[in-house]
Amino acid sequence: MSNFTAIIPAAGKGVRLLPYTEHMPKTMLSVAGKPILGHILDQVESCGIKKVVFIVGYKKEAIEEFVRERYAHLDVTFVEQPEPKGLGHAIYLAKDAVSGPCFILLGDTIVDGNLRPLVHGGKNAVGIKPVPDPQRFGIVELKNGKIVSFEEKPACPKSDLAIIGAYSFLDSARLFSALEEVIRSGKTVKNEIQLTDALSVLLSRGEEIVPVLMNDWFDCGTVEVMIQTNRLLLSRHHRVPAELEKNNKIIPPCWIEDGVKAENCVLGPYVSAAYGAELKDCTLEDCIVGPHTQLDKKTAVHAVLDKYNH
C-alpha cells in the first residue's frame with residue numbers, strides 16, 4: 001500500500017455544464033457508466049493509495065454519499081471550501097489533513113492510462129500533454145527536458161504542453177509552504193489563487209519538478225467533451241450484463257453497469273448507463289445515461305440524459 005495521500009478538489013459547480021449541474025456537482029456527472037469521480041477514485045486505487053482527502057463545496061452531500069456508499073473501504077476526509085477562491089486555495093485547505101507525500105488529481109479530470117510512473121517515480125512530478133489550445137490551461141515550459149517555468153492560462157503560451165490536472169509531491173509540507181507564500185503575496189489570476197503559482201515558487205526554491213507525458217486525458221468541462229470522452233472510453237471498454245442481451249438489442253460498444261434495468265430497447269453504439277438507471281422501449285445512440293435515470297419510449301442521439309434533464 002502506498003504512503004501517499006490523494007487530494008481531490010471537487011468543490012466546483014461546473015457552470016459550463018448547466019443545466020446538468022443544477023442538482024449535482026460536475027464530478028458526479030456520469031461518463032462511460034460511472035460518475036467522473038468514480039473514474040478518478042479507481043485511478044487513485046490503481047496507484048495503491050487508500051487515503052483520500054476531498055475538497056468539497058457545491059452539493060457536497062452528493063459526493064459524500066457516493067464515496068461512503070461505493071468506496072467505503074477507503075480512508076476518507078472531507079474538507080469544505082466555503083467559497084470558490086481557486087485551485088491553489090482548495091489544495092491549501094487540505095494542509096491539516098495531509099502529511100508526507102501527496103498525489104493531486106482534479107475532480108473533473110479522467111486519465112485513461114497508467115498513473116503509477118507519475119506517482120511512484122521518486123520525484124515531484126506533473127502530468128503534461130500537448131494541446132491545440134494551450135491558453136485554456138496551466139502550461140509548462142521545458143528546456144533540455146526540464147521544467148523551467150509554469151504559467152496559468154497565458155495569453156501568449158510559451159509551449160503547447162498543458163498540465164493535465166495530475167500532480168505528485170514527495171513532501172506535502174513544502175507544497176503547502178509554497179501555497180502559503182502565494183496567498184500572502186495576494187497574487188491571483190482572475191481573482192483565484194492558482195496552484196501553478198505555487199509550483200513556480202517551488203522552482204524558485206530549487207525544487208525539481210519533472211514532467212510526465214500522458215497519452216489520454218479528458219478535461220470533462222463541457223457536454224461536448226463528455227460525449228467525446230464517453231465515446232473514446234467505450235471504444236476501449238465494452239461491458240453489458242448478460243441478462244440485458246436477452247430482452248434488448250445491444251449495438252457495441254456500450255457500458256452498462258450492474259443493476260441497470262432495460263426492456264425492449266435498442267442501445268448503441270456508444271451508450272453508457274450508470275447504476276440504478278431504468279430504460280423501457282428506448283432507442284439510444286451515442287448517449288450518456290446518468291444514475292437512477294428513468295426513461296420510457298425515449299429516442300436520443302448525442303445526448304446526456306439524467307434524472308433531472310431529459
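Student: Which element gives the most residues to the lining of the largest pocket?

Tutor: The model is a predicted one. In the lining of the largest pocket, at least two residues each come from β1 (5-10), α3 (87-92), β11 (161-169), α6 (195-204) and β13 (217-219). With 4 residues, the element that gives the most is β11.

Student: What is the volume of the largest pocket, and which residues lie nearest its centre?

Tutor: The volume of the largest pocket is about 1200 Å³. Its lining is made up of 44 residues. Those nearest the centre are K26, L87, D108, K153 and E192.

Student: How many cavities of 30 Å³ or more does the structure hold, and what is the volume of the largest cavity?

Tutor: At the limit of 30 Å³ or more, the structure holds 2 cavities. The largest cavity is lined by M24, M28, L29, S30, M226, I288, G290, P291, V304, L305 and D306. These lining residues divide into 8 nonpolar, 2 polar and 1 charged. The volume of the largest cavity is about 50 Å³.

Student: Which elements give two or more residues to the lining of the second largest cavity?

Tutor: The second largest cavity, with a volume of about 30 Å³, is lined by I139, V140, E141, S149, F150, E151 and K158. This lining holds 3 nonpolar, 1 polar and 3 charged residues. The elements that supply two or more of the lining residues are β9 (138-143) and β10 (146-152).

Student: Let us turn to the aromatic rings. How many aromatic pairs are there, and why is the pair of F66 and Y275 stacked?

Tutor: The count is 5 aromatic pairs. The ring centres of F66 and Y275 are 6.4 Å apart. Planes under 30 degrees apart count as stacked. Since the planes of F66 and Y275 stand at 20 degrees, the pair is stacked.

Student: How many residues apart in sequence are the parts that this pair ties together?

Tutor: F66 belongs to helix α2 (residues 60-70), while Y275 is in the loop between β18 (271-273) and β19 (278-280). The pair therefore ties together parts whose separation in sequence is 209 residues.

Student: Are F66 and Y275 buried or exposed?

Tutor: Buried means a relative accessible area under 20%. F66 has a relative accessible area of 5%, and Y275 has 12% relative accessibility. F66 therefore counts as buried, and Y275 likewise counts as buried.

Student: Which residues do ring pairs link into a cluster, and what is the distance of the charged end of R70 from the centre of the ring of Y275?

Tutor: The cluster formed through ring pairs consists of F66, Y71 and Y275. The charged end of R70 sits over the ring of Y275. Its distance from the ring centre is 4.2 Å.

Student: What is the angle between the planes of Y167 and F169?

Tutor: Y167 is buried at a relative accessible area of 4%, and F169 is buried at 2%. Their rings form a stacked aromatic pair, 6.5 Å centre to centre. The angle between their planes is 10 degrees.

Student: How many disulfides does the structure hold, and which cysteine has the sulfur nearest to that of C102?

Tutor: The structure holds 0 disulfides. C102 is buried, with a relative accessible area of 0%. At 13 Å, the nearest cysteine sulfur to C102 is that of C47.

Student: How many residues of helix α1 are buried?

Tutor: Helix α1 (residues 36-46) is mostly covered. Its buried residues are I36, L37, G38, H39, I40, L41, Q43 and V44. Of the 11 residues in α1, the number buried is 8.

Note on methods: Residues numbered from 1 in each chain as written. Predicted model: local features only at pLDDT ≥ 70, side-chain atom pairs only at ≥ 80, totals over all residues. Heavy atoms only, no water. Phe/Tyr/Trp six-rings, centres within 6.5 Å; stacked < 30°, edge-to-face > 60°. Buried < 20%, exposed > 50% of the residue type's maximum accessible area, 1.4 Å probe, protein only. Lys NZ or Arg CZ within 6 Å of the ring centre and 35° of its normal. Disulfide = S-S within 2.5 Å. 1 Å grid on protein atoms, 1.4 Å probe; cavity = no way out; pocket = protein on both sides within 12 Å on 5 of 7 lines; lining within 4 Å. Points joined across faces, edges and corners; volume = space filled by probe spheres on them. Nonpolar A, V, L, I, M, F, W, Y, C, P; charged D, E, K, R; others polar.
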